[in-house]
Amino acid sequence: MGVEVLVVGGGLGGVAAALAAARAGRSVVLTEEFDWLGGQLTSQAVPPDEHSWVEQFGVTATYRALREGIRDYYRRHYPLTETSRAWNDLNPGAGWVSRLCHEPRVAVAVIDAMLAPYRGSGLLTVLQPYRPVSATVDQDRVTAVTLAHREGHDEITVTAPYVLDATETGELLPLTGTEYVSGFESSAETGEPSGPNEAQPLNMQAVSVCFAMDHVDGDHTIDKPAGYDFWRSYQPDFWGAPLLSWVSPHPRTLETVERSFTPNPDDDPLTVNADQRVNPGDANLWTFRRIAARRNFVDGTYPSDITLVNWPMIDYFEGPVLDVPDAAEHLRRARDLSYAALYWMQTEAPRPDGGTGYPGLRLRADAVGSRDGLAQAPYIRESRRIRAECTVVEQDVSFAVRGDKGAVRYPDTVGVGMYRIDLHPSTGGDNYIDVASSPFEIPLGALIPQRTENLLPANKNIGTTHITNGCYRMHPVEWNVGEVAGSLAAFCLDKGTGPRAVRNDPRLLAEFQHRLTTAGIQLRWPDIKGY
């Protein structure tokens with residue numbers, strides 16, 4: 001099969017890349033290993049992590065269309081209360097982590113609708129469920145990628161002049177021999193004040209296998225997981241308590257804190273202030289990442305809120321899940337940890353009334369589109385990252401370093417983003433690193449490998465470091481990166497040139513940046529301050 005642009009990986013970056021290339025009139029193949037397109041927003045079941053100005057500016061026009069499409073879907077298809085229906089910035093889940101918390105399958109429907117015209121026209125072909133297994137390379141160019149059906153039924157080889165790696169872990173980088181880095185770079189290499197003296201390539205952020213649950217009448221306790229006794233007694237050195245508890249380090253202060261857990265608090269959704277500048281929002285775990293607030297809907301629609309468990313107790317950092325021979329075993333154990341966390345909550349978690357356990361907690365497999373109750377895919381926070389023409393380092397974006405100067409302004413900017421530098425505990429034994437960031441730009445050079453000519457990153461695999469990935473890994477930034485990668489491939493085909501030339505030729509760069517701004521991609525921030 002031959003196309004003009006091959007996008008491997010159907011997460012947010014892959015969807016945005018395919019959409020951009022198809023809108024430019026290019027033929028595209030988009031592949032995805034799991035049942036749902038959308039990656040961290042859908043198959044990984046993580047509500048959007050976004051900056052405080054998301055309703056005003058700081059995201060691309062197509063990402064805004066995705067967000068508004070989700071709200072419109074609720075207004076058209078769900079029995080909202082009149083108050084919630086009239087709420088301009090509707091937050092269906094009224095979660096404190098984001099101004100838009102919602103059920104993953106709604107995002108799937110909106111993404112499918114956004115892609116539908118291009119699938120109908122024949123410009124876009126979606127291959128599901130397929131994953132990359134090998135690649136053919138001619139000197140510095142990738143000529144073909146072979147994809148295998150998840151169930152092993154068949155293989156398909158796709159050729160394309162441009163190949164975009166939108167996988168969650170940068171799967172095409174080792175397959176194509178593209179130079180990359182993983183884990184924690186040394187301060188000697190990056191100059192980062194928070195970096196270690198020596199590189200730690202296997203020191204990566206925790207992964208989490210998320211799940212949804214509600215709280216209803218009856219006993220919904222699952223069978224005791226096989227690994228429960230191990231996880232019940234597991235206590236990291238820096239945690240201050242067993243991992244399975246309401247106690248954990250506060251990410252920003254590292255102080256040991258106890259969070260509350262109150263299912264169905266019957267709070268007014270319109271009083272939720274999901275602003276990370278003011279409050280991280282995780283004091284009550286139930287409302288932190290809630291994806292359906294029953295008071296948004298007419299009485300009787302939902303017997304309970306639905307909350308999404310992506311909490312400290314399910315962070316798995318016993319070992320990395322890439323570039324090691326036992327990666328599959330670590331992923332299995334990460335799933336075991338999530339089951340153990342649920343079982344602990346159902347049977348042993350302390351309650352405010354002095355009792356233990358919440359047997360009414362019910363696993364909602366239907367909400368995440370799986371048979372086993374857990375998210376279809378693990379939430380991957382850290383990927384392999386290309387060795388890029390430009391690498392974003394801590395001192396480019398850290399508020400402690402940059403202060404009132406703001407983040408570094410790049411002449412080749414192709415987008416913007418903002419989030420705190422948010423690193424979860426890591427496989428190297430590091431505690432949280434959660435520090436203030438400045439609103440930042442995305443340099444085109446971070447999307448261009450040092451050697452490979454026609455492979456572009458379109459996910460969390462751009463030229464960042466272990467540290468700066470902590471703020472560049474969020475939903476709207478991944479979408480922006482993917483959209484730029486798809487636009488760049490189409491632009492290069494239009495001009496008969498290559499990505500490296502676009503960045504290094506001032507005329508081509510200005511023309512490409514103009515194309516991006518015309519498409520609704522913001523390249524610079526107004527005068528605002530980080531947090």
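## Salt bridges

Glu50, Glu55, Arg67, Glu68 and Arg71 are linked in a network of salt bridges, a salt bridge being a side-chain nitrogen of Lys or Arg within 4 Å of a carboxyl oxygen of Asp or Glu. The model is predicted, so local features need pLDDT of at least 70 and side-chain atom pairs count only at pLDDT 80 or more, while totals for chains, interfaces and linings use all residues. Residues are numbered from 1 along each chain as its sequence is written, and side-chain values use heavy atoms, with hydrogens and water left out.

The structure holds 45 salt bridges. Three of them are listed here.

| Pair | Closest N and O atoms |
|---|---|
| Arg71 and Glu55 | 2.7 Å |
| Arg364 and Asp214 | 2.9 Å |
| Arg500 and Glu453 | 3.5 Å |

Helices (H or I, at least four residues) and strands (E, at least two) are DSSP runs, numbered from the N terminus. Asp214 is buried at 0% relative accessibility, and Arg364 is buried at 17%. Here buried means under 20% relative accessible area, exposed over 50%, and partly exposed in between (1.4 Å probe, protein chains only).

Arg500 in helix H15 (residues 499–504) pairs with Glu453 in the loop between strand E21 (440–443) and strand E22 (455–457), so this pair ties together parts that are 47 residues apart in sequence. Arg500 is buried, at 17%, whereas Glu453 is partly exposed, at 30%. Arg71 is buried too, with a relative accessible area of 0%.

## Cavities

A search of the whole structure finds six cavities of 30 Å³ or more. A cavity is a set of points on a 1 Å grid over the protein atoms alone where a 1.4 Å probe fits but cannot get out, and lining residues have an atom within 4 Å of a point. The largest cavity holds about 350 Å³ of space, a volume being the space filled by probe spheres set on the points, which are joined across faces, edges and corners. Its lining has 26 residues, of which Pro251, Phe288, Arg289, Asp422 and His424 lie nearest the centre.

## Ala116

Ala116 belongs to helix H4 (residues 104–121). With 39% relative accessibility, Ala116 is partly exposed.

Terms used: On a 1 Å grid over the protein atoms alone, a cavity is a set of points where a 1.4 Å probe fits but cannot get out, and a pocket is an open set with protein on both sides within 12 Å along at least five of seven lines; lining residues have an atom within 4 Å of a point.
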